[in-house]
Structures are given as structure tokens and as C-alpha cells.
Amino acid sequence: MEVWEVVLAGIICGVIVVYGLLKEANEWFYVRRLGKKRFYLPPGNMGWPFIGNMLSFFKAFRSSDPDSFISSYAKRFGRIGVYKAFMFQSPTIMVTVPETCKQVLQDEVRFKPGWPKTTVRLIGEKSFIGLSYDEHKRIRKLTAGPINGKEALATYLGFIEETVVHTLETWTVMGNIEFLTHLRKLTFKIIMYIFLSKKNDHLIEALEREYTAINNAVRAMAINIPGFAYHKALKARKKLVDALQAILSARRAERVTAAPQAKKDMTDALIDAEDEKGHKLSDEEIIDILIMYLNAGHESIAHITMWATCFLQEHEEVFQKAKAEQDEIVRTRPQGQKGLTLTEYRKMTYLSKVIDETLRVVSISNIVFREANNDVKIGGYIIPKGWKVAVWLRNVHMDSEVYPNPKEFNPSRWDGPPPKAGTFLPFGAGSRLCPGNDFAKLEISIFLHYFLLNYECV
């Protein structure tokens, strides 16, 4: 052989060896060190060092078939519903079937929050996603009334309605618009008013820019280098925290010098919140709670509203049935009444099915994360202590054994008894159920009520 052939062969062999070593690195480092326990791990693929399975994860969710990521595991290893992987820089067990997901989400003893550090750092360590069970229970109790209580919802309804009506009228003279972009502006305006009683458009736009940068990175890799989404998001979070701190400090100062006001926003409610031991929320806790609710009460609501509107436009029969219900609500309204009431909102039974079906099909919260406190046996396999657990809510909603023709948008599937526990999880489950779920459905319903009565997309 010529010398160059020997060198080329050596290079090729070296590349193959390095490729093989890298491909097995996570397996050796995280699996083999478990000793005999490794034989009880579920099947799966640990991917490459550092990035693990994230390339195929991102590829799937940027494609027209986000379910392809999990379906690839099911095709390779069988529909067992439990797989090992390496996600967000951590060894991870993915659970994908209803019973197993329910078991993980409701077990606060054996599992604790396990969100990726990028998500916790950006949303806030004092927000619900980063708290222990006891702290979460305390904060949830203090904040449940201000966001989801009957009195709070009745208070918010009027402003949401006023803002939706005005916004829809404005859109009609704007020509072609980017629907989701303007929905985001609408939902951000609503949540900022509920939080801070702010109607300052310039301030709201500035805060929205910073929040958008944060939201773009909550599922990103933790690469804190200029040019990467996480780095940009960390800078945006600092600006957003500084802005909210300034507002909060000014609010506290006003409360010292000015007479108490009858009308209170959510910030007032959080400042006043006090547990049975007399403990109040710190500024850090309030700010992280506000940022967390920005995520749930802005981005998620905008996406679900967009998809529900699109589905209504695409399904004429559904549109007409939902419209007839809204027409009937207006027709039977007492003379002299202006605007919606909570009683009327609760009569929107068919529209509620439209929203639930949208939540199922879209699954805006695709995954929630837990971490095993100890070695846990589940589904015949072991989840090692310290490993993350990715609860794949989207796969639950797309389970053909639970929902026939799961990709079909069909509100009529909700005509029968409520879904079996653990099979419909749009807002999570257990004690960590999203505390803003009632508020979210109220805002979506108000928008769709007026859209159905007076508008259509062209």
C-alpha cells in the first residue's frame, strides 16, 4: 500500500473509534456506574455527550410532526411507555402513557420538581416550578384567590371583555395582520393590567420584548455564550426583574403615604397575602410569581386562542354550533344588561368542549419534569435516584387507545362522561395543577365569544 493509503486508512479507523467512543460516552458515564441496577433501566438511547438526544428533539418540534420524537422510540423499543434518554444535559426517563404519567405527577413523596436549569433560572427559583412540596403548597394557597378565585374572575372579566372588543375592532381596519403576534400583544396587555393596573402602551411593549426573549429560551440548552438564546434570555430576565422591582418598590412606597384604594390588582393582592403564621411574600417571590404567570397567562393563552380560532374556521359545522350557543346567550340576556357575566360564561358548554379539544390536540404544555428522590420502580423498570423524569403530556393526549383518531379535531368526543383520570392533562395534574387554569379558559372564551358573534378570518 502507498503511504497515503495507510494514512487515510488510519484516519478513517480513528474517526470510527472516536465516533464509537462518543456515541457510548453517556451510556458508560451514567448507566454503567449504576452497577446491577442498570439491568432494570428501560430501553432507550442516551445520545451524544452533552447534547444527548436534543438534536432529534429540536428537529421533531420544528417539523410538522412533533410526535415523531417519541414515536421513534416506540418503533425501536416497543410501545412500553417508559424509555431512557439524555435530555437537557441530564440522564432522563421519559414516561409517555396515561397511567405512568399520572403516577409520577401525583407522587410528591418519591418525585420532586426536576425542570431543566434553563427553565428554573429564567422563570424563577421562587416560582412554582422550582419549589419544594411544602413551599409550593404555601405559595399556591396565597396566590390561588388573587388569580383564580370567583371574585377575582368576576373582576377580571370586565377588563378582558373591554380589551377584547376594542382590539377586535382595531384589527378590522389594519388589513392583513400576523394573528399570533397581535394575540400575544392582546394577552400581554390583559395580564399586565391584571398584575399592575398598567395601561401604558410603551411600558407594556418594552416589558413584552424582554419577556419574549426569556420565553424563546425556556427550552433551550444552557449555553451562556453571546449569540445563544439562553445568554440573551438571561440579560432580558435581569431587565425584566429590574423593571418589576422598580414597580413593586414604588407600589410599596405609595401604600405607606397614600390612603388604601378599594380596587386592587394582583400585585396588591400578593403584597397583602399572608399565611396563617403571619408570613408574607418577599419581593423576590412576588417577582418570580409574576414572571411565571406571564408565561401561563400570556404565551400559552395566545397560542391556544390562535389554534381554537383556526380550528373553528376550518370546521364549519363546529363554527356554526359554537356561534349558535353564543347567539343564544345574547338573545336570552336580561334587558338592560351590558356585557358578559360569569353565569353566561358558565353556559358556554359547547365552546368549553371546543377549547378542551384544542388543548388536547395542541398540548401547549408538551412536557413537565420531575426528579426521583430515591430509586423508584415504575412500569417494571427502575428510575435511579437523581435522574430526571420527563412526563410526556402530548403523547397522553395523542394516545389512540384513549382518543380514537387522535389527530382529528372533534369537540364531540367530549359529549360523554369526563375523561378518565390521567388522560387529559392540559394544565398538569396533582397538587401542581396550573393555578391559572380557570383564568386561562375565561380569557379564551371571552375572545372566542366576540369572534364568533361578529368576525371571521379572511
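In what order do the five strands of the open sheet stand? In this predicted model, the order is β1-β2-β7-β4-β3, and the pairing within the sheet is mixed. Because β1 (82-87) and β3 stand at the edges with a single partner strand each, one side of each of them is left without a neighbour in the sheet. Direction ignored, neighbouring strands of this sheet are turned by 35° against each other on average.

- Strand β2 (residues 90-95) and strand β7 run parallel and are joined by four bridges, with Thr92 of the chain standing opposite Lys388 in β7.
- Strand β7 (residues 388-392) also pairs with β4, here in the antiparallel sense and over five bridges; in this pairing, Trp392 in β7 is the bridge partner of Ile367.
- On to strand β3 (residues 111-113), which is joined to β4 by three bridges, the two strands running antiparallel, and Pro113 has Arg370 in β4 as its bridge partner.

**Strand β4 and its two faces**

- In a regular strand, side chains alternate between the two faces of the sheet.
- Strand β4 (residues 367-372) is mostly covered, since six of its six residues are buried.
- Both faces of β4 are covered, with Ile367, Phe369 and Glu371 buried on one side, and Val368, Arg370 and Ala372 buried on the other.

**Helices on the sheet**

- Thr92 stands opposite Lys388 in β7, and helix α3 (residues 68-77) packs on the sheet, where this helix touches β1, β2 and β7 and its direction makes about 130° with that of β1.
- Helix α4 (residues 98-106) packs on the sheet as well, touching β1, β2, β3, β4 and β7, and the direction of α4 makes about 130° with that of β7.
- Within α4, the residues Pro98, Thr100, Cys101, Val104 and Leu105 are buried; they cover an arc of only 165° around the axis, so they lie on the same side of α4.

**The pair α7 and α8**

- Helix α7 (residues 150-171) packs against helix α8 (residues 179-196) at an angle of about 150°, and their axes are 10 Å apart, which means that α7 is roughly antiparallel to α8.
- The crossing in which α7 passes α8 is right-handed.
- Among the residues of α7 that meet α8 are Tyr156, Phe159, Ile160 and Trp171, while the residues on the α8 side include Phe179, His182, Leu183 and Tyr193.

**Two buried residues**

- Trp115 lies in the loop between β3 and α5 (117-123), and this residue counts as buried because its relative accessibility is 14%, under the limit of 20%.
- Leaving aside neighbours within four places in sequence, Trp115 is in contact with Val120, Ile129, Arg219, Ile367, Val368, Phe369, Arg370 and Lys388.
- Although Trp115 and Ala390 are 275 residues apart along the chain, their C-alpha atoms are separated by 8.8 Å.
- Asp356 is found in helix α15 (residues 349-362), and Asp356 is buried, with a relative accessible area of 16%.
- With neighbours within four places in sequence left aside, Asp356 is in contact with Trp414, Phe424 and Lys441.

Notes:
Residues are numbered from 1 along each chain as its sequence is written. This is a predicted model: local features need pLDDT of at least 70, side-chain atom pairs count only at pLDDT 80 or more; totals for chains, interfaces and linings use all residues. Side-chain values use heavy atoms; hydrogens and water are left out. Buried means under 20% relative accessible area, exposed over 50%, partly exposed in between (1.4 Å probe, protein chains only). Contact means heavy atoms within 4.5 Å. Two strands pair if DSSP finds at least two bridges between them. Axes are lines fitted to C-alpha atoms, for helices over the stretch in contact, and angles run from 0 to 180 degrees between N-to-C directions. The arc is that of the directions from the helix axis to the C-beta atoms. Angles under 35 degrees count as roughly parallel, over 145 as roughly antiparallel, 65 to 115 as roughly perpendicular and the rest as oblique. A crossing is left-handed if the near helix is turned anticlockwise from the far one by less than a right angle, and right-handed if clockwise.
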